[in-house]
Amino acid sequence: MRFSSGGAEVVVRMNDNPTSRDLLSKLPLTLTFEEFGGREKISYLPERLTTEGSPGSAPRNGTLIYYKPWGNLGFYYNATGGVDDNLITLGTVEAGMDRLDRLEQGQVTVEAI
């Protein structure tokens, strides 16, 4: 999956779980990202994803997550905390981790690659 904005790209290898598959089925998307808590970059989806059958996880740097209570995506870069049943890991950043800040600079195109 690729997130691109203003020449910056972040490439994510997706996990195989129901929530990841649901997100992939909704692509392409255009999203906006913002800073959240000095720990992650987040974006709100136009509609919630299915979560049944997707396990909770612990936050880890370099992961793309879905947070069930808010229905948002997040890229962790300063993760803390233990396992949370509301936090579903969707995938792992393979390239572009150093470009997360640039996702906040406008519209972000999200597409399957």
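Leaving out neighbours up to four places away in sequence, phenylalanine 3 contacts Ala8, Glu9, Val10, Val12, Phe33, Leu64, Leu73, Phe75, Leu103, Val108, Thr109 and Val110. The model is predicted. Phenylalanine 3 has a relative accessible area of 0% and counts as buried, because buried means under 20%.

**Nonpolar core**
- The largest nonpolar core has 23 residues, and Phe3, Leu23, Leu64, Leu73 and Phe75 touch the most other members.
- At least two residues of this core come from each of strand 2 (8-14), strand 3 (29-31), strand 6 (63-67), strand 7 (72-76), strand 8 and strand 9.
- In soluble globular proteins, nonpolar side chains tend to be buried together.

**Aromatic pairs**
- There are five aromatic pairs in the model.
- One of them joins phenylalanine 3 and phenylalanine 33 edge-to-face, at 6.0 Å centre to centre and with 75 degrees between the planes.
- This pair links distant parts of the chain: phenylalanine 3 is in strand 1 (residues 2-5), and phenylalanine 33, 30 residues apart from it, is in the loop between strand 3 and strand 4 (34-36).
- Phenylalanine 33 is buried at 6% relative accessibility.
- Phenylalanine 36 and tryptophan 70 also form an edge-to-face pair, with 5.4 Å centre to centre and 85 degrees between the planes.
- The pair again links distant parts of the chain, 34 residues apart, with phenylalanine 36 in strand 4 and tryptophan 70 in the loop between strand 6 and strand 7.
- Phenylalanine 36 is partly exposed at 32% relative accessible area, and tryptophan 70 is partly exposed at 42%.
- Phe3, Phe33 and Phe75 make up one aromatic cluster.

**Buried polar residues**
- Serine 43, in strand 5 (residues 40-44), is buried with a relative accessible area of 1%.
- A polar atom of the serine 43 side chain lies 2.7 Å from the backbone oxygen of threonine 32.
- Beyond four places in sequence, serine 43 touches Leu31, Thr32, Phe33, Asn72 and Leu73.
- Threonine 19 belongs to helix 1 (residues 18-25) and is buried, with a relative accessible area of 0%.
- The contacts of threonine 19, not counting residues up to four places away, are Leu49, Thr50, Thr51, Ser54, Tyr66, Ile88 and Leu90.

**Glycine 106**
- Glycine 106 sits in the loop between strand 8 (87-95) and strand 9 (108-111), and at 27% relative accessibility it is partly exposed.
- Apart from neighbours within four places in sequence, glycine 106 contacts Ser5, Leu31 and Thr32.
- The C-alpha atoms of glycine 106 and glutamate 34 are separated by 9.7 Å, although these residues are 72 residues apart along the chain.

Terms used
Residues numbered from 1 in each chain as written. Predicted model: local features only at pLDDT ≥ 70, side-chain atom pairs only at ≥ 80, totals over all residues. Heavy atoms only, no water. Helix = DSSP H or I, 4+ residues; strand = E, 2+ residues; numbered from the N terminus. Buried < 20%, exposed > 50% of the residue type's maximum accessible area, 1.4 Å probe, protein only. Contact = heavy atoms within 4.5 Å. Polar contact = N/O pair within 3.5 Å; in protein donor to acceptor, adjacent residues only side chain to side chain. Core = buried A, V, L, I, M, F, W, Y, C linked by side-chain atoms within 4.5 Å. Phe/Tyr/Trp six-rings, centres within 6.5 Å; stacked < 30°, edge-to-face > 60°.
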